[in-house]
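Please keep the viewer open as you read.

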Amino acid sequence: MKKFKIVIVGGGFAGLQAARSLRRLRNADMSLIDRTGIATMVPALPDTLSGRLPSEKLFRPLPELAGRNLGVILDTVESVSLAHRTVTCTDGTYAYDGLVLAGGSVPVAVPPPFEGPVHSVDSLEGAGALRAEIEARVGRDPLHLVVAGAGYTGLEVAAAARRGVPDPKALAITVVDTAQDILPMLTDRQRSAVRAYLEKSSITLCTSTSVRRTTGNVVELSNGATIGNALFVWSAGMRAAPIELDEQVERTPDGRIVTTDPLALPGHPEVFVAGDQAALTRDDRVLRRAVNFAFYSGRRAGKNLAGHLCDRRPKPFVPVDLGWVLPLIETSAGRIFGGLRIGGRLGLRLHYLMCGFRHFGGRRAGTFYRAALNLRRTPAPLSSAAPPGGRHGNRS
Ligand SMILES: Cc1cc2nc3c(=O)[nH]c(=O)nc-3n(C[C@H](O)[C@H](O)[C@H](O)COP(=O)(O)OP(=O)(O)OC[C@H]3O[C@@H](n4cnc5c(N)ncnc54)[C@H](O)[C@@H]3O)c2cc1C
């Protein structure tokens, strides 16, 4: 009996679910390629800065999660030849009969002329590096964290850093955004509450403002401010993981690949795309990047690939939007179940419960459930929490 070669690119929420759905295929040789070799709890990365969750609770080695019939390859995928059915990585080339692309997203390129160091909290290394830099520099001269981008991530990073270093004289925090206001999906009341929270936390919000230049540790803003001894964090948008294909495919402006309803690449029924790398839609609108959509699209992509290899018809992916929560350390703002407003600690609890449920399963999920239950406990300040990245912090 022929053994199918299956390759899954990316061991995040979508890739792992695809792998789990494909597990039952007996006649398959399955490989999961990931550049880090770990599954990262991305939504909780800002907690590396707050001290609520130590970084070693935010990842798990992929081989532990993979199960028996899935080989994990630690490598970076550079390109895919759809014509030859091969995946080319930095260290090798792999042939496939069926492929799932689930490489997630990366921060949009930082535009010139940003000459100073740029931080980003999109990976365990990135979050760990920022934390290490804050720890190394805080307490000497007053330090100033400047976050470009007042979306979910930028605000979460600012709130977490404030919790990590509560003294605004030791760490000033400014969040800058070119938009006139923050978070358009919130109601006016929720937006006011978030603004009040930022003010109470001594986080300065500069809307209609851009970062003009960074040089060394100096950040210049379009409102004329020049900020010295700064730490610059880029949080101004994401784009799909840059994996080259040898054929022109339709993409959204942020690089997400347009698929058929069952998540296949048009003209290539053996290739499925899931998670942040796919332009997942509902009612013809591209959905926001979210764990929920990544999780279920990965599962559907895996099932459809298994079906394709067994001559079964693939089924469309029908996303269900459960809502979202913006966690802000001791409070939150969000909407669930199609419009129900949620906030405060209830929203926070839901955030951590969903983090736990969606990823690691079993005992690891317990870490997040406990974080959800222990919200009254003050997170450990930065200087006393575990070191960033832990033993695995230098993986690349
Ligand atoms: C700071 C932050 C906070 C967030 N908070 C929330 C939240 O509260 N709620 C929510 O719903 N969503 C949140 N999101 C979005 C959510 O994390 C993503 O939508 C989700 O992680 C997407 O899952 P994925 O499997 O598509 O990609 P990922 O989880 O990013 O996994 C992609 C995997 O692919 C690997 N990879 C990438 N490129 C390559 C390559 N070239 N070669 C090999 N491997 C590669 C990566 O190493 C990674 O393991 C947040 C995102 C960020 C950055």
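## Around the ligand

The shell around the ligand is made up of 16 nonpolar, 11 polar and five charged residues. In this count Ala, Val, Leu, Ile, Met, Phe, Trp, Tyr, Cys and Pro are nonpolar, Asp, Glu, Lys and Arg are charged, and the others, Gly among them, are polar. Please bear in mind that this is a predicted model, in which local features need pLDDT of at least 70 and side-chain atom pairs count only at pLDDT 80 or more, while totals for chains, interfaces and linings use all residues. Residues are numbered from 1 along each chain as its sequence is written.

In total, 32 residues surround the ligand, and Gly10, Gly12, Gly104, Gly275 and Ala294 are the closest. Two or more shell residues come from each of α1 (13–22), β2 (28–34) and α7 (291–309). Helices here are DSSP runs of H or I with at least four residues, strands are E runs of at least two, and both are numbered from the N terminus.

## Two open sheets

Strands of a sheet pair through backbone hydrogen bonds, either parallel or antiparallel. Two strands are called paired if DSSP finds at least two bridges between them. The pairs below are antiparallel.

| Strand pair | Bridges | Partner residues |
|---|---|---|
| β6 (77–81) and β7 (86–89) | four bridges | Ser81 and Thr86 |
| β15 (218–221) and β16 | two bridges | Val219 and Ile227 |

Arg85 counts as partly exposed because it has 18 C-beta neighbours inside 10 Å; with C-beta atoms placed from the backbone, 20 or more others within 10 Å make a residue buried, 12 or fewer make it exposed, and partly exposed is in between.

Another positive phi in a residue other than glycine belongs to Asp311, near 60 degrees. Asp311 sits in the loop between α7 and β24 (323–328) and is exposed, with 6 other C-beta atoms within 10 Å.

Another open sheet has three strands in the order β14-β15-β16, with antiparallel pairing. Here β14 (211–215) and β16 (226–227) stand at the edges, each with a single partner strand, so one side of each lacks a neighbour in the sheet.

## The nonpolar core

Which residues touch the most other members of the largest nonpolar core? They are Val100, Ala161, Val233 and Ala274, out of 108 residues. A nonpolar core is a set of buried Ala, Val, Leu, Ile, Met, Phe, Trp, Tyr and Cys residues joined through C-beta atoms within 7 Å. Helix α7 gives the largest share of this core, eight residues. The core lies between domain 1 (4–35 + 75–107 + 238–309) and domain 2 (124–236 + 323–390), because both give residues to it; the domain bounds come from an automatic or database domain assignment.

Leaving aside residues up to four places away in sequence, Ala161 touches Leu49, Ile134, Leu145, Leu171 and Ile173. Contact means that C-beta atoms, placed from the backbone, lie within 7 Å.

Terms used: Near = placed C-beta within 6 Å. Contact = placed C-beta atoms within 7 Å.
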